[in-house]
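Subject: Structure handover

Hello,

Here is the structure we talked about. Please open it beside this email and follow along.

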Amino acid sequence: MVEFTLWDIARNLLLAARWTVLLSLIAFVGGGLVGLSLLLARVAKWPGAERYVGAYVQLFQGTPLLMQLFLAYFGLALLGWDVSAWVAAALALTLYTSAFLAEIWRGCVAAIPKGQWEAAESLALNFGEKMRHVVGPQALRIALAPTVGFLVQVIKGTALASVIGFIELTKAGTMISNATFQPFKVYACVALMYFALCWPVSAWSRSIERKLRRAHA
Amino acid sequence: MQLDFLAVLAEWPALLRGALVTLVLTAVATVGGLALGVACGWARAWGARPLAYVAGAYVELIRNTPFIVQLFFVFFGLPSLGVKLTPEIASVLAMVINLGAYAAEIVRAGIEGTPRGQIEAARSLAMNEWQVFMRVVLPPALGRVWPAMVSQIIIVMLGSAVCGQIATAELSYQANLIQSRNFRAFEAFIVATLVYLLLSVALRHALHWAGRRFVFGR
């Protein structure tokens, strides 16, 4: 049997952590774009948008991410597409992220006082101008901390992609632990690596929040 | 493409059993997690310095790692220390540890919103620290943060879908079992997903009611 030193374990996990980071980024950027479209449809009061986007958000927030991953994996296959775990995981995580971000950002837009909308209206700004020059910048300031905070949820969410066979940090941990028979050590390393990824992001989100609060105090 | 939901729905007793296991796991985790959360929230807001640091480290460690890794660590990792757990016990333990960390932050936010005057008034009535905390500070604090707590409990319930991966016979595990028998994977997971949706809506209502009735109500 090949002997695995702690360094071998850590090195292999680090290599796998690349895919965790990449999948998180794809989901976050993709989810951000989809979430932004959903938000704009809602804020622009498109007919039916409130109802459909609301249902969409409820659907993704009220069901397990694991089930969403399974549905993406088996659903795409059912449509006749030969999908890899990569595509299914990226799709499911993107949709999941978009639902949460759309809801977070809606709260931020709703927090903008009505007078701001009315003032913009009285300046004859159209919807795009109102969003770009008046509501958008103010909402962005409030939205930054919870959005960064949600990135932590996305990174942790990618761990579930291991279940549909996507080889990222958690799946690599399982494979290495099966090879080395040292699950305690391996999963402790895996947990520490997630911590090393997530904690700086959490701390960043908190510092943004503190700064914002100080600016308002 | 042909969908056959009847093949899945015919297995309704298995789905029902799975949903019940999910609910039991969630109920036990809620009680344990709330107790742990209140203890850690107290330690962080009111406890001695070293205790506050320990609680803080626990909260940060759990909140910044995925639940599935925590579960695998408990189920696969702990036996090498001589702690052998059944899948059910490991699932509940991981859920309690997970919820406890999030609940601690929520409870702390509630505790820190307590007006100073109320604590001073309670002390002036010669209540000891335990009485001040349990009777004056905690109930309204929980009342303030209960909506956040309910959301967190539902997140933990949805997260318990992962427990099927270590062969805890909860809802997602049963769905997996059904699809391995009749190869109707998509339908089985659609049905399970809808049951989860139903559970989360029902649980939200039940917890809001239970909060008023048992936790912080008059």
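Helices (H or I, at least four residues) and strands (E, at least two) are DSSP runs, numbered from the N terminus. With that in hand, chain B reads α-α-α-α-α-α-α-α-α from its N terminus on. That makes nine helices and zero strands in chain B.

First, some ground rules. This is a predicted model, in which local features need pLDDT of at least 70 and side-chain atom pairs count only at pLDDT 80 or more, while totals for chains, interfaces and linings use all residues. Residues are numbered from 1 along each chain as its sequence is written, and chains are lettered from A and ligands numbered from 1 in the order in which they are written.

**Confidence**

pLDDT is the predictor's confidence in each residue, from 0 to 100. Chain B has a mean pLDDT of 92. In chain B, 99% of residues reach 70 or more. The model scores are ipTM 0.91 and pTM 0.92. Where pLDDT is low, predicted coordinates should not be read in detail.

**The two chains**

Chain A has eight helices and zero strands. Its elements run α-α-α-α-α-α-α-α from the N terminus on. The C-alpha trace of chain A spans about 75 × 50 × 25 Å along its principal axes. For chain B, the C-alpha atoms fill a box of roughly 70 × 40 × 25 Å, again along the principal axes.

How much of each chain is buried? A residue is buried if 20 or more other C-beta atoms lie within 10 Å of its own, exposed if 12 or fewer, and partly exposed in between; C-beta atoms are placed from the backbone. Chain A has 217 residues, and 41% of them count as buried. Chain B has 218 residues, and 47% count as buried.

Next, contacts. Two residues are in contact if their C-beta atoms, placed from the backbone, lie within 7 Å. Take the contacts in chain A with a separation of 6 or more: residues 24 or more positions apart account for 75% of them. In chain B, among contacts between residues at least 6 apart in sequence, 77% join residues at least 24 apart.

**Where the chains meet**

The contact takes 30 residues from chain A and 30 residues from chain B. On the chain B side, at least two residues each come from helix 3 (49-63), helix 4 (67-77), helix 7 (129-159) and helix 9 (185-215). Helix 9 of chain B gives the most to that side, with ten residues. By class, the side of chain B that touches chain A has 20 nonpolar, nine polar and one charged residues. Here Ala, Val, Leu, Ile, Met, Phe, Trp, Tyr, Cys and Pro count as nonpolar, Asp, Glu, Lys and Arg as charged, and the others, Gly among them, as polar.

A nonpolar core is a set of buried Ala, Val, Leu, Ile, Met, Phe, Trp, Tyr and Cys residues joined through C-beta atoms within 7 Å. The largest one has 129 residues. Those with the most contacts inside it are Leu69(A), Ala89(A), Val190(A), Leu71(B) and Phe189(B). Look at Phe189(B). Leaving out residues up to four places away in sequence, Phe189(B) touches Met67(A), Phe70(A), Leu71(A), Phe74(A) and Ala175(B).

**One residue in chain A**

Now find Ala99(A), which lies in helix 4 of chain A. Is Ala99(A) buried or exposed? Ala99(A) counts as buried because it has 23 C-beta neighbours inside 10 Å. Ala99(A) touches Tyr56(A), Val57(A), Phe60(A) and Gln61(A), not counting residues up to four places away in sequence. Val34(A) is 65 residues from Ala99(A) in sequence, yet 8.4 Å from it in space, C-alpha to C-alpha.

**Two loop residues**

Phe181(A) has a positive phi of about 55°, although it is not a glycine. Phe181(A) sits in the loop between helix 7 (169-180) and helix 8 (183-216) of chain A. Phe181(A) is exposed, because 11 other C-beta atoms lie within 10 Å.

Ala167(B) is not a glycine either, and its phi is positive, near 70°. Find Ala167(B) in the loop between helix 7 and helix 8 (171-182) of chain B. Ala167(B) is partly exposed, with 15 other C-beta atoms within 10 Å.

Best wishes
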